[in-house]
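Here is a short briefing on one protein chain. Please look over the sequence and the structure before reading on.

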Amino acid sequence: IEAQRNRRQFQKTSVPRALCMLIVIIMISLLNYYAFISSKAPSQLDFSNYVASDEPPINELPPERRRVPTAGSSAEISLEEKLAVEKANEERIRQRIQGTPIENEKKQVAAEIDHRVGDIVNHTHGDQKTLALLYPTGLFGGYRNQAMRFVAFITHAFENNYTQIFLPSLLWATSIGSGSNHQTVSEWQPVPHDLLFDVDYWNSLGELPTLVSNLSYSDCWEYSTPDQSLKQNNSVSLLAKATLERGFLSPISDLARQVVLRETVINPRKVDVLAQVSNCTHPAAYGGGRGAGRLWNEYGVHQAKRLKDKTDFPFNADSKVLKALRPKELWRNVAKECVENAGAKNYLALHARLELEMMNHRCGADMERSLKKIFEMVEDIATNNLSSLNLTGVFLAVSRSRMEMKDKIFYKGDIKAIADENIRTLYQVVGNKTLKGSGLKGGLLPVFECGEHALKRYYENHPNSMDYGSTLESIINFHIATEASVFVGVSRSSYSTDIWTQRYHQGKGNENYEYTSEGIKKVANGGLPPPHSNCVKKKS
């Protein structure tokens, strides 16, 4: 009887006992598997195998590599989908802050940007202090005014011991539609730094903070995620898509995307979002500000102190940036081809600041306004003072489209008469669509343009290219002028001042000239001009 009782008791407890043992075994196996997977997971987002191709236009890549980022939530998206997207973004940011590796996100983000993080080569990607340019508003203004703001930004990095600049954050401004590719309505859009300039060259000099394309971790940068509808949306420009996929500072990413897509139109002089990213540390952010902005104001302070104390710009940031901002090889080749097509081996570069807005600007008040008179001055100096150089052409750096503008505010009175005469002179000497230019010296000295014209040829040969706008035209003209045998510029122009300065540091200062109302004369001080300063309004 006792034996039977024990047997029944064993049968009651054996099954639960076996189940418990099985559960323990399964849990141990799962823990071992998790430990194995964790040991194989990457410690950071690494895009070292995803370097962009040398050709910038997105549509020139094979179809399978044309990946486009999202612009954020669509206007038609449901409330539930919006909440789901926001929750996913919050979780992604939380995991980034904690440093948790996200293998799926790594693959996804890398797939989005592998072809179009510009020509970004993965340089130093450690935990060094890194600074990002605040967007909105990025850089704005004319090309050289943007360059001044950029110098102030780099100076801020020096002053605060930032050794790295986060390359995806560097956005210049370009005007689309003013004589550029495809579009007819002029509007300002951001254009990524690496689509314009030679990043490798900048970093090879070792004189400035390193431009880096990614970070080992970030508490404040948000890459875009794929959006098929945006990819197929032909109303969104290729340039906008290329900008979106680089990502934005996460606290203001929604606003940044809306501005890029022009869903929200802002006045850069009336927007300041720096306070919203004040807690960002890697990268930290700087820029923005109302009015002309922090960077413009700081540049002015540095220049005023430099002029007063007769000292160098802090950290020599101006000359270092001027030297390092070399156009990408693609655009240097476009410039070289333009000069070669003109047959001008030894050429004089002329920066004629005759655009309609400059003739109405206080900086242009004392400038010679007649293109015919300026050409006569160039013809005279080429025949007499520079005869030993055997010049074979004159390169004219000017915005033809802005000379042809008929702005309702400025195009009137005496300015209208001068502008009309300048256009007639331009067509006669340089030519237009139907007329071949006569050149100077009875045709012995042809006059040619490059910026707008060179890019027009490029777009014709690359019909699927994105439109880079007016800033690239200015960059190409600037580069050609620095390479010229002789350069003739105009005082009170930041564009001319920077060309003179760069040529001086290249050893070409002896052939720096300026045109005035009285004639052309050499730039004093061996060709090194005084620092550019803001033009003061004259008392009426």
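Among contacts (heavy atoms within 4.5 Å) in the chain between residues at least 6 apart in sequence, 75% join residues at least 24 apart. This is a predicted model, in which local features need pLDDT of at least 70, side-chain atom pairs count only at pLDDT 80 or more, and totals for chains, interfaces and linings use all residues. Residues are numbered from 1 along each chain as its sequence is written, and side-chain values use heavy atoms, with hydrogens and water left out.

**Confidence**
- The mean pLDDT (the predictor's confidence in each residue, from 0 to 100) of the chain is 80, and 73% of its residues reach 70 or more.
- Over residues 92-124 the pLDDT is below 50, although the model gives this stretch 89 contacts beyond near neighbours in sequence.

**Interior**
- Of the 540 residues in the chain, 50% count as buried, a term for under 20% relative accessible area, with a 1.4 Å probe and protein chains only.
- Apart from neighbours within four places in sequence, Ile154 is in contact with Ile165, Trp202, Leu208, Pro209 and Val321.
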